[in-house]
Amino acid sequence: MAAEAYWLDGARVVVTAGGTREPIDPVRYVGNRSSGKMGNALAVAAAAAGAHTTLITAAQPEPALEGIEVVGVDTAAQMHAALLEWLPGARILMMAAAVADYRPGRTSPVKIKKGSGPWTLELEPTEDILQSLHASGVRDGVFVVGFAAETGDLEANAHAKLHAKHLDLIVVNDVGRSDIAMGSDYNEVTVLDEHGVVDRLARAPKHDIAAAILAIVRTRLR
Ligand code: CTP
């Protein structure tokens with residue numbers, strides 16, 4: 001029983017969580033509503049299965065998570081750099097973070113004063129972390145689970161992302177709902193692989209959803 005429970009004993013698992021914050025000036029940022037709770041729950045589930053777990057998060061977990069190595073980041077670029085450092089040698093990557101797709105073209109070193117008229121903020125694209133890690137070979141040998149944040153055509157959009165980002169599994173959630181997903185303690189997700197739907201997980205606490213996702217990963221690693 002004990003050996004079964006600790007099926008990830010000796011393995012390293014990396015989880016990302018939270019919404020990155022892309023600075024405009026010392027007090028303002030471009031960000032999103034991701035709370036980091038889904039990633040935290042995945043890290044807890046991986047650690048409970050015996051994995052040496054690293055949580056790279058743009059949302060500091062409260063309270064502190066026992067037995068999990070927490071690496072705090074702010075921006076997409078910092079999350080990318082942290083992954084380059086922590087991913088080598090990992091067995092599983094679960095990319096639950098809501099990474100900003102755009103950042104301010106320049107960050108002001110001083111607080112920008114208000115003017116009297118409208119203010120136009122120019123944004124530039126960030127790098128797609130999953131695609132970049134794939135292209136550079138850093139993900140070779142790592143089982144990669146991506147997440148898809150969608151408000152419509154959930155399964156079709158998730159499937160397209162699974163292919164574009166070369167994922168083993170993708171977990172899609174409806175971020176337009178207030179009773180699940182971003183900020184909520186609950187989630188309801190569909191898990192897909194290259195062939196289509198693997199499982200639909202009904203609305204449940206994120207810790208239960210995380211355990212169910214990890215159980216699916218386990219069947220794939222056998
Ligand atoms: N992701 C990433 N790098 C980015 C943006 C997203 O690695 N710059 C990852 C996320 O962590 C997630 C997956 O890609 O695991 C899908 O993220 P999502 O926000 O759903 O999709 P995007 O690729 O950003 O596409 P869109 O915003 O157009 O839906």
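Biologist: Over how many bridges do E10 and E11 pair?

Modeller: This is a predicted model, where local features need pLDDT of at least 70, side-chain atom pairs count only at pLDDT 80 or more, and totals for chains, interfaces and linings use all residues. Residues are numbered from 1 along each chain as its sequence is written, and side-chain values use heavy atoms, leaving out hydrogens and water. Helices (H or I, at least four residues) and strands (E, at least two) are DSSP runs numbered from the N terminus, and two strands pair if DSSP finds at least two bridges between them. Asparagine 173 stands opposite valine 189 in E11, and the antiparallel pairing of E10 with E11 has 4 bridges.

Biologist: What is the bridge partner of glycine 146 in E10?

Modeller: E9 and E10 run parallel and are joined by 6 bridges. In E10, the partner of glycine 146 is isoleucine 170.

Biologist: Which hand does the crossover from E9 through H5 to E10 have?

Modeller: With the strands pointing away from the viewer, a clockwise path from the first strand over the helix to the second counts as right-handed. The β-α-β crossover from E9 through H5 to E10 is right-handed.

Biologist: How many residues of E10 are buried?

Modeller: Buried means under 20% relative accessible area, exposed over 50% and partly exposed in between (1.4 Å probe, protein chains only). Leu169, Val171 and Asn173 are buried on one side of E10, and Ile170, Val172 and Asp174 on the other. The number buried in E10 is 6 of 6.

Biologist: Alanine 181 and aspartate 153 both have a positive phi; which one is buried?

Modeller: Most residues other than glycine have a negative phi. Aspartate 153, with phi about 45 degrees, sits in the loop between E9 and H5 and is exposed at 62% relative accessible area. The other residue has phi about 65 degrees, lies in the loop between E10 and E11, and at 2% is the buried one: alanine 181.

Biologist: What is the volume of the largest pocket?

Modeller: On a 1 Å grid over the protein atoms alone, a pocket is an open set of points where a 1.4 Å probe fits, with protein on both sides within 12 Å along at least five of seven lines; lining residues have an atom within 4 Å of a point. The largest pocket is lined by 32 residues, with Ala97, Ala98, Val99, Phe147 and Ala149 nearest its centre. Taken as the space filled by probe spheres set on the points, which are joined across faces, edges and corners, its volume is about 680 Å³.

Biologist: Which element gives the most to the lining of the second largest pocket?

Modeller: The second largest pocket has a volume of about 190 Å³. The elements giving two or more residues to its lining are H2 and H6. With 3 residues, the element that gives the most is H2.
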